[in-house]
Amino acid sequence: MVNSVKTNIKCGKCGKPISDAVYEFGGVKLCEDCYLDDVIASQPRKCVMK
């Protein structure tokens with residue numbers, strides 16, 4: 001989910017102030033970088049050695 005609210009919100013993961021869009025993942029407000037990291041890390045992985 002993307003909330004484009006311009007307030008002084010800090011990222012729940014890295015603590016940086018969020019000046020652009022605020023993302024929420026797993027109930028935590030995140031900056032774009034941390035959001036993308038968490039989304040990519042949560043994707044199921046397939047074994048490439050098949």
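This is a predicted model: local features need pLDDT of at least 70, side-chain atom pairs count only at pLDDT 80 or more; totals for chains, interfaces and linings use all residues.
Residues are numbered from 1 along each chain as its sequence is written, and side-chain values use heavy atoms, with hydrogens and water left out.

The protein contains one helix and five strands, where helices (H or I, at least four residues) and strands (E, at least two) are DSSP runs numbered from the N terminus. Read along the sequence, these elements follow the pattern β-β-β-β-β-α. Of the 50 residues in the protein, 18% are buried; buried here means under 20% relative accessible area, exposed means over 50%, and partly exposed lies in between (1.4 Å probe, protein chains only). The accessible surface, computed by the Shrake-Rupley method with a 1.4 Å probe, with only the protein chains shown counting as cover for residues, comes to about 4200 Å², of which 56% belongs to carbon and sulfur atoms. Among contacts (heavy atoms within 4.5 Å) with a separation of 6 or more, residues 24 or more positions apart account for 5%.

The largest nonpolar core is made up of nine residues, namely Ile9, Cys11, Ile18, Val22, Tyr23, Leu30, Cys31, Cys34 and Tyr35. A nonpolar core is defined as a set of buried Ala, Val, Leu, Ile, Met, Phe, Trp, Tyr and Cys residues joined through side-chain atoms within 4.5 Å. The elements that give two or more residues to this core are S4 and H1.

A search of the whole structure returned two aromatic pairs. Rings of Phe, Tyr and Trp (its six-membered ring) are taken to pair if their centres lie within 6.5 Å, and planes under 30 degrees apart count as stacked, those over 60 as edge-to-face and the rest as tilted. Tyr23 and Tyr35 form a stacked pair, at 4.7 Å centre to centre and with 20° between the planes. This pair links distant parts of the chain, with Tyr23 in strand S4 (residues 22-25) and Tyr35 in helix H1, 12 residues apart. Both tyrosines are buried, Tyr23 having a relative accessible area of 14% and Tyr35 one of 18%. Phe25 and Tyr35 form an edge-to-face pair, at 6.2 Å centre to centre and with 80° between the planes; here too distant parts of the chain are linked, Phe25 lying in strand S4 and Tyr35 in helix H1, 10 residues apart. Phe25 counts as partly exposed, at 30% relative accessibility. Together, Tyr23, Phe25 and Tyr35 form one aromatic cluster.

With a disulfide defined as a pair of cysteine sulfur atoms within 2.5 Å, the search of the whole structure finds zero disulfides. Cys31 is in no disulfide, and its nearest cysteine sulfur, that of Cys34, is 3.7 Å away; Cys34 is likewise in no disulfide, the nearest cysteine sulfur being that of Cys31. Cys31 is buried, with a relative accessible area of 9%, and Cys34 also counts as buried, at 8% relative accessibility.

Three salt bridges were found in the whole structure, a salt bridge being a side-chain nitrogen of Lys or Arg within 4 Å of a carboxyl oxygen of Asp or Glu. In one of them, the side chains of Asp38 and Lys13 meet at 2.6 Å, N to O. Asp38 lies in helix H1 (residues 32-42) and Lys13 in the loop between strand S2 (9-10) and strand S3 (17-18), so this pair ties together parts that are 25 residues apart in sequence. Lys13 is partly exposed, with a relative accessible area of 49%. Lys16 forms a salt bridge with Asp33, the closest N and O atoms being 4.0 Å apart; this pair links Lys16, in the loop between S2 and S3, with Asp33 in helix H1, 17 residues away. Lys29 forms a salt bridge with Glu24, in which the closest N and O atoms are 3.9 Å apart. Lys29 is partly exposed, with a relative accessible area of 37%, and Glu24 also counts as partly exposed, at 27% relative accessibility.
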